[in-house]
Amino acid sequence: MKVLITGIAGFVGSHLAELLLKKGDEVFGICLACESLENIREIKKKLHLTNCDITDFNQLSKVIKKINPDEIYHLAALSSVGKSFAHPTDTIEANVSGTLYLLEILRNRRKEVRILIVGSSDMYGVVKPKDIPITEEKSLLPISPYGSSKAMCDLLAYQYFKSYGVQTIRVRAFNHTGARQGIGFVVPDFASQLAKIEAGILPPAMKVGNVSSKRDISDVRDIVRGYQLLMKKGKAGEAYNICSGKAYSIKNVLKVLVSLSKKKIRVGVDEKKNRPAEIPVLVGDNSKIKRTTGWKPEISIEKTLEDTLNFWRRKYT
Ligand code: GDD
């Protein structure tokens with residue numbers, strides 16, 4: 001099986017590549033020429049890597065023709081909700097064009113290739129308490145440029161299945177974290193500061209954003225296992241939430257991380273981290289993916305947070 005991962009050198013891409021190599025797949029990956037390969041340093045020799053900008057249609061067409069993959073995991077994206085408010089054009093361009101170009105290429109080539117399009121719970125927007133946990137039936141009403149871009153990708157994936165029979169699987173990932181997730185997301189933002197404080201690089205004072213929100217947080221290793229199962233067992237054209245089904249308050253995530261630290265920490269709020277619009281609660285219903293694939297989350301939030309903090313400790317000691 002020839003499998004292509006777009007965004008292979010990213011946080012999730014690197015974890016997915018590790019899993020697929022273990023499963024015995026021949027793993028191809030595309031990444032930007034300027035991208036760091038640090039996340040895939042240990043497995044690089046086992047991968048077939050090509051530099052490609054997914055927003056360049058001609059370049060992408062040539063690369064897909066050459067690799068001729070049987071399955072595509074489309075992970076490449078600008079994935080920060082916070083940054084998307086300052087960079088809406090880049091976000092929409094990278095996320096929507098990249099997805100559209102891949103779908104166009106498949107429509108004109110081998111329609112039987114299965115493609116997993118990674119969406120986000122951010123596209124559901126603000127939901128009423130009665131709609132929690134959120135099912136796949138809920139309307140997409142995003143309140144961030146990132147959420148809007150992912151909603152468009154989800155709609156395109158549906159449309160290309162209906163119009164042309166392209167074998168799209170739409171996955172709606174809720175928050176996930178772990179080693180290698182970059183700065184700009186809440187858990188690495190907290191864990192990296194704690195690790196720097198322990199290493200004496202920063203004084204024992206943390207800066208945080210809005211900790212009143214609640215998120216459904218999974219371990220990235222559980223998430224990529226779910227992606228692989230959906231690729232095998234998901235029904236083309238369908239949408240699937242992937243999530244723990246549990247609400248974690250960001251305040252509590254902070255409390256657990258601080259409790260794992262060896263130092264006494266002061267916590268202050270950095271108003272600059274606040275967003276123009278914020279979703280207060282995102283919790284998903286994972287019955288559909290469980291029913292379809294047998295997937296269930298296996299790694300506890302405590303383990304995820306500890307492993308992530310240890311990742312940052314290794315960086316700074
Ligand atoms: N990033 C960040 N940094 N967020 C903070 C901080 C901080 O220092 N302090 C508090 N927060 C709050 C944010 O305001 C938000 O309410 C919550 O913590 C989570 O923020 P993020 O980790 O940036 O995630 P997100 O929920 O906006 O988006 C993530 O989840 C989506 C799925 O729901 C991203 O991983 C997206 O790529 C993903 O699609």
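This is a predicted model: local features need pLDDT of at least 70, side-chain atom pairs count only at pLDDT 80 or more; totals for chains, interfaces and linings use all residues.
I take buried to mean under 20% relative accessible area, exposed over 50%, and partly exposed in between, with a 1.4 Å probe and protein chains only. I number residues from 1 along each chain as its sequence is written, and side-chain values use heavy atoms, without hydrogens and water.

**Entry: Val96**

I looked up Val96 and found it in helix H4, residues 88–107; helices are DSSP runs (H or I, at least four residues), numbered from the N terminus. Val96 counts as buried because its relative accessibility is 13%. Beyond its neighbours within four places in sequence, Val96 is in contact with Thr91, Ser149, Met152, Cys153 and Leu156, where contact means heavy atoms within 4.5 Å.

**Entry: the ligand**

I find 23 residues around the ligand, with Ser79, Ser121, Ser213, Arg275 and Glu278 the closest; a residue is near when one of its heavy atoms lies within 4 Å. I then looked up N or O atoms paired with ligand oxygen atoms. For the side chain of Arg275, an N or O atom is 2.6 Å from an oxygen atom of the ligand.

By class, I note nine nonpolar, eight polar and six charged residues in the shell. Helix H6 (residues 186–198) gives the most to this shell, with three residues.

Key:
Helices (H or I, at least four residues) and strands (E, at least two) are DSSP runs, numbered from the N terminus. A polar contact is a pair of N or O atoms within 3.5 Å; within protein, one must be able to donate a hydrogen and the other to accept it, and residues adjacent in sequence count only if both atoms are side-chain atoms. Ala, Val, Leu, Ile, Met, Phe, Trp, Tyr, Cys and Pro count as nonpolar, Asp, Glu, Lys and Arg as charged, and the others, Gly among them, as polar.
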